[in-house]
Protein chains: 2
Amino acid sequence: MARRARFHHGDLAGALVRAGVDLLAEVGVRGFSVAVLARRLGVSTAAPYRHFADRDRLLAAVVTAAAGELAEQMDAAAARAGDDPVSRLAAAGGAYAGFLTGRRVGLDLVYGAELRALGDRDLAAVGRRIGDVLLTPALELADPAAAVSLMERVVTTAHGYGALDVDGFLAGAAVGGGTVAERAEAAVAAVVRGTVGTPGPAAGGP
Amino acid sequence: MARRARFHHGDLAGALVRAGVDLLAEVGVRGFSVAVLARRLGVSTAAPYRHFADRDRLLAAVVTAAAGELAEQMDAAAARAGDDPVSRLAAAGGAYAGFLTGRRVGLDLVYGAELRALGDRDLAAVGRRIGDVLLTPALELADPAAAVSLMERVVTTAHGYGALDVDGFLAGAAVGGGTVAERAEAAVAAVVRGTVGTPGPAAGGP
DNA sequence: GTCTATAAATAGATAGAC
DNA sequence: GTCTATCTATTTATAGAC
């Protein structure tokens, strides 16, 4: 023991992905670097290239892993929200915003130009999984064509909350009280109501 | 004439800002580089440092200029939308999303950590200007506390459309038909309606 | 599987000449 | 005001030793 951790336990690939998810959460894509990651794990900067062809392949694996967690969290949030499709969409949107805030991974990375060119199947699959979490409740509220448009509104609203929070815009302002994820959830509920024509809690007829 | 454009007309600072806005629109903050900018203008990579202390000061000037255009376009769009505050908010949001798509400058950059540390007054001022465009119509729809929350929903929704479009997510999908800016405008109208309780065009009524 | 060493780019920034 | 030259720091990626 005390082997110095210099040559790795045989799963450097896995360790790179796990540490990569953390690094990405801390510094964002902009600061994501193979060299930094290697240093953190105490291996040489050359070692990662035994497991990933280049920086983008490694990044794709990291994003795929993180986006998988995102899909799970959205799914879990939707499930907790019960049967009402509006609540399910709102909960999933809140989870999306919260995840983006904390982990800095969202559909921007999953579908972004940087990784799309790779044609990674797993990455594409996880992107679809995220969409499916929203599609199911959306289809309970609208016909297929309108459901896609509704999904778009849900995801853009949630993404806007998460993205602007990452960049510090929503930071100090506890605007309506509540966390960013909670405010995002409420905003998604509002956009869904405004889309399908359901009166909101603040108004609507007797 | 044919002076080679080697030593500049006396307004390298201005030229750097103008060309910087274009560069930023093309490559985003990630690719924004003083060296590239200098090369584009045909000056040495050292020349910009006679006018700006460092990369971030130059970037701040570029973002300030672009955000000024953004505020103008939002203001103009709101003015064209007439008197209805919902329409004004929606138009301003659509303009925001369109600008973000085309120029890659939004509140993420204006309030982002990268530039906030500089404490640039002009940048802060233009940020407030953008907020004011939305605050005025929001105050016609809600009391001050709720108006701030409404603004937050408007800007996050618009930002989400612009940001995901920049990253290619909304690219091919002419979901409901119409441009991203038009879809953002409709989504903002929906979130406003869902927030203030006005029934949407698809429902409500007798 | 990992390391050392190194190549090749690129960027930010400074010193001093003109 | 701008240029040439240079320094420093970083990164991605490869070659070959162990």
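Predicted model: local features only at pLDDT ≥ 70, side-chain atom pairs only at ≥ 80, totals over all residues.
1. Buried residues account for 45% of the 206 residues in chain A. The secondary structure of chain A comprises nine helices and zero strands. Read from the N terminus, the order of elements in chain A is α-α-α-α-α-α-α-α-α. Of the contacts in chain A with a separation of 6 or more, 66% join residues 24 or more positions apart.

2. The contact between the chains draws 39 residues from chain B and 38 residues from chain A. On the side of chain B that touches chain A, at least two residues each are supplied by α5 (107-111), α6 (113-116), α8 and α9 of chain B. Helix α8(B) gives the largest share of that side, 12 residues. By class, the side of chain B that touches chain A holds 18 nonpolar, 13 polar and eight charged residues.

3. Within chain B, helix α8 (residues 144-166) and helix α9 (residues 180-196) have axes that come within 9 Å and cross at roughly 155°. Because that angle is over 145 degrees, α8(B) is roughly antiparallel to α9(B). The crossing in which α8(B) passes α9(B) is right-handed. On the α8(B) side the contact is made by B:Leu150, B:Arg153, B:Val154, B:Thr157, B:Ala158, B:Tyr161 and B:Asp165. On the α9(B) side the residues are B:Val180, B:Arg183, B:Ala184, B:Ala187, B:Val188, B:Val191, B:Val192 and B:Thr195. Sorted by class, the contact of α8(B) with α9(B) has 10 nonpolar, two polar and three charged residues.

4. Helix α9(B) also meets a helix of the other chain. The axes of helix α8 (residues 144-166) of chain A and α9(B) come within 11 Å and cross at roughly 80°. This angle falls in the range of 65 to 115 degrees, so α8(A) is roughly perpendicular to α9(B). Which residues meet between α8(A) and α9(B)? From α8(A) they are A:Glu152, A:Arg153, A:Thr156 and A:Thr157, and from α9(B) they are B:Arg183, B:Ala187, B:Ala190 and B:Val191. The contact of α8(A) with α9(B) is made up of three nonpolar, two polar and three charged residues.

5. A:Leu107 belongs to helix α5 (residues 107-111) of chain A. Is A:Leu107 buried or exposed? With 25 other C-beta atoms within 10 Å, A:Leu107 is buried, the cut-off for that class being 20 or more. Leaving aside residues up to four places away in sequence, A:Leu107 touches A:Gly127, A:Ile130, A:Val155 and A:His159, as well as B:Leu164 and B:Phe169 of chain B. A:Leu58 lies 49 residues from A:Leu107 along the chain, and the C-alpha atoms of the two are separated by 18 Å.

6. The backbone of A:Arg104 deserves a check. Phi of A:Arg104 is near 60°, a positive value in a residue other than glycine. A:Arg104 sits in the loop between α4 (85-103) and α5 of chain A, and it counts as buried because 22 C-beta neighbours lie inside 10 Å. In chain B, phi of B:Arg104 is likewise positive, near 60°. B:Arg104 occupies the loop between α4 (85-103) and α5 of chain B and is buried, with 22 other C-beta atoms within 10 Å.

7. B:Gly28 is part of helix α1 (residues 12-31) of chain B. It is partly exposed, as 15 other C-beta atoms lie within 10 Å. B:Gly28 and B:Val105 stand 77 residues apart in sequence, whereas their C-alpha atoms are 8.3 Å apart in space.

Technical notes: Residues numbered from 1 in each chain as written. Chains lettered and ligands numbered in written order. Axes fitted to C-alpha atoms, helices over the stretch in contact; angles between N-to-C directions. Helix = DSSP H or I, 4+ residues; strand = E, 2+ residues; numbered from the N terminus. Parallel < 35°, antiparallel > 145°, perpendicular 65-115°, else oblique. Left-handed = near helix turned anticlockwise from the far one by under 90°. Contact = placed C-beta atoms within 7 Å. Nonpolar A, V, L, I, M, F, W, Y, C, P; charged D, E, K, R; others polar. Buried ≥ 20, exposed ≤ 12 C-beta atoms within 10 Å, placed from the backbone.
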